[in-house]
Amino acid sequence: MDAHELLTRAIIAAAPRLAALSDGESVTPRTAGAWTPKQIIGHLIDSACNNHARFVRAQLGDDLVFTGYDQEAWVSAQRYDDASWEDLVALWRRYNLHLARVIAAIPAETLTRRRVHHNLDEIAWRRVPRTEAATLEYLIRDYVGHLENHVRQILPDYRPFSPDVAREGPTNATPSE
Ligand code: NI
């Protein structure tokens, strides 16, 4: 499945189910000390924002070297628990549908070009050693996998479209991973 289709399907499947959560559920972490659903979706909006820039910049240069961001600090600074759940889910949905458009517009050659210079050993969800070449397509699929893994932290019976994420089953990862 093309990466943009993977993202679109994930958003179409998950958004209505997320929107159906009650206000109480949206501020209740599944385990003590973990992020609440509002904080997880907020984190995914931050991820969309950072990766939006990466997906465009990657087309304008030869490398895949990007600045990271302090995930916990971003979530804390934006006080996501005080935001409207309905607004957060709507923003997350629309932002990702825009990213699906951005991804669909990337030429195939650009998606699959081998990039020797990258820092996916630092910024990717599933890291790539610096000694191995990486591709923009890998970074995009990794973005979708990260998204689906977090959706599953909110909706335990959500079935990921990313084949590798579905195969692995739920992780007990730290919420910020
Ligand atoms: Ni994360």
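Author: R115 counts as partly exposed, because 19 C-beta neighbours lie inside 10 Å of its own; a residue is buried with 20 or more other C-beta atoms within 10 Å, exposed with 12 or fewer, and partly exposed in between, the C-beta atoms being placed from the backbone. The model is a predicted one, in which local features need pLDDT of at least 70 and side-chain atom pairs count only at pLDDT 80 or more, while totals for chains, interfaces and linings use all residues. Residues are numbered from 1 along each chain as its sequence is written.

R115 lies in the loop between α6 (108–112) and α7; helices here are DSSP runs (H or I, at least four residues; strands are E, at least two), numbered from the N terminus. Leaving out residues up to four places away in sequence, R115 touches D62, D63, L64, A133, A134 and T135, a contact being a pair of C-beta atoms, placed from the backbone, within 7 Å. Its C-alpha atom is 9.8 Å from that of A58, although 57 residues separate R115 and A58 along the chain.

L139 is in turn one of the residues with the most contacts inside the largest nonpolar core, together with L7, A10, I41, I140 and V144. This core has 38 residues; such a core is a set of buried Ala, Val, Leu, Ile, Met, Phe, Trp, Tyr and Cys residues joined through C-beta atoms within 7 Å. At least two of its residues come from each of α1, α3 (37–60), α5, α7 (120–123) and α8 (136–154). The largest share, nine residues, is supplied by α8. In soluble globular proteins, nonpolar side chains tend to be buried together.

The helix α8 is mostly covered, with 17 of its 19 residues buried. From its first C-alpha to its last, α8 reaches 28 Å, close to the 27 Å expected at 1.5 Å a residue, where the expected span is 1.5 Å times one less than the number of residues.

The axes of α3 and α8 come within 10 Å and cross at roughly 175°; axes are lines fitted to C-alpha atoms, for helices over the stretch in contact, and angles run from 0 to 180 degrees between N-to-C directions. That makes α3 roughly antiparallel to α8, since angles over 145 degrees count as roughly antiparallel, under 35 as roughly parallel, 65 to 115 as roughly perpendicular and the rest as oblique. In this packing, R54, F55 and A58 are among the residues of α3 that meet α8, whose side includes L136, L139 and I140. The contact divides into 11 nonpolar, six polar and one charged residue; Ala, Val, Leu, Ile, Met, Phe, Trp, Tyr, Cys and Pro count as nonpolar, Asp, Glu, Lys and Arg as charged, and the others, Gly among them, as polar.

On α1 (residues 3–19), the buried residues A3, L6, L7, T8, A10, I11, A14 and L18 pack against α3, α5 and α8. With α5 (residues 85–104), α1 packs at an angle of about 170°, the axes being 9 Å apart. That makes α1 roughly antiparallel to α5. Residues of α1 including L7, I11 and L18 meet residues of α5 including V89, L97 and I103. By class, this contact of α1 with α5 has 12 nonpolar, three polar and two charged residues.

F161, in the loop between α8 and α9, counts as buried because it has 20 C-beta neighbours inside 10 Å. Beyond four places in sequence, F161 is in contact with M1, L6, R9, A10 and E148; of these, A10 is one of the core residues with the most contacts. R79, in the loop between α4 and α5, is exposed, with 11 other C-beta atoms within 10 Å. R79 has a positive phi of about 45° although it is not a glycine. Most residues other than glycine have a negative phi.

Notes:
Contact = placed C-beta atoms within 7 Å.
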